[in-house]
Amino acid sequence: MFTQVEYTYLENLIETYVLNGDYKSYLAYTNTDLSGSYTTDTYDFFVIFSKEDITSNVNNFSVSSGLKISVNSSQASRNYANGPRVEFAELSGVVSVPSYEFIYTNALQSAYPDILAKEVAENRMNYENNIAYNITKDEFYIMPLFMGILIMMLFLKWCFPMKGGKKV
């Protein structure tokens with residue numbers, strides 16, 4: 001299972017790569033060390049980003065071409081030669097994830113949870129309920145100015161009702 005620190009880092013990676021528009025799909029999964037050696041030199045989870053859709057067939061994910069990020073979030077050790085915490089590599093092909101791993105993905109035909117689902121649902125709800133008015137900061141500040149000018153004009157019209165009109 002992803003620890004809270006790993007989950008936060010994963011969310012930030014997804015925001016950086018997917019929400020900025022660099023990549024379209026992602027696949028994130030844990031890497032359980034079954035060797036029993038309890039060393040800190042194994043990667044704790046992997047994230048794969050793809051510019052095309054990732055398709056899912058149970059635990060097999062097809063990636064046309066993408067970026068694989070391997071993350072080692074374990075503690076560093078004074079007694080061992082410590083490797084890199086984050087490693088980047090190119091990837092394409094089919095990724096088979098063991099059934100005991102935890103998976104987050106926005107792959108097509110996948111039954112696994114999507115980290116982006118909450119944000120997409122909130123954006124859709126805001127759009128459908130017209131909560132987001134899409135006005136800029138400048139437009140927001142100009143509205144009270146126009147309202148003030150209108151009130152001033154009405155006040156002057158009330159104080160001087162016959163000035164400036166056509167003489168009969």
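Phe 2, Tyr 7, Phe 45 and Tyr 104 form one aromatic cluster; rings of Phe, Tyr and Trp (its six-membered ring) count as a pair if their centres lie within 6.5 Å. The model is predicted, so local features need pLDDT of at least 70 and side-chain atom pairs count only at pLDDT 80 or more, while totals for chains, interfaces and linings use all residues. Residues are numbered from 1 along each chain as its sequence is written, and side-chain values use heavy atoms, with hydrogens and water left out.

Helix α1 covers residues 4–19. Helices here are DSSP runs of H or I with at least four residues, strands are runs of E with at least two, and both are numbered from the N terminus. The 16 residues of α1 should span 22 Å at 1.5 Å a residue, and the end C-alpha atoms are 21 Å apart, which agrees; the expected span is 1.5 Å times one less than the number of residues.

Which residues of α1 are buried? They are Glu 6, Leu 10, Leu 13, Ile 14, Tyr 17 and Val 18, where buried means under 20% relative accessible area, exposed over 50% and partly exposed in between (1.4 Å probe, protein chains only). Because they cover an arc of only 100° around the axis, they lie on the same side of α1; the arc is that of the directions from the helix axis to the C-beta atoms. An α-helix has 3.6 residues a turn, so residues three or four places apart point the same way. The buried residues of α1 pack against β1, β2, β4, β5 (86–96) and β6 (103–105), with contact taken as heavy atoms within 4.5 Å. On the face turned away from the buried side are the exposed residues Gln 4 and Val 5. Gly 21, with a positive phi near 90°, follows α1.

The whole structure holds eleven aromatic pairs. One of them joins Tyr 17 and Tyr 23, 5.9 Å centre to centre with 55° between the planes, and is tilted; planes under 30 degrees apart count as stacked, over 60 as edge-to-face and the rest as tilted. Tyr 17 counts as buried because its relative accessibility is 17%, and Tyr 23 is buried at 18%. The charged end of Lys 51 sits over the ring of Tyr 23, 5.5 Å from its centre (NZ of Lys or CZ of Arg within 6 Å of the ring centre and within 35 degrees of the ring normal).

Asn 59 is in the loop between β3 (55–57) and β4 (60–71). Its relative accessibility is 11%, so Asn 59 counts as buried.
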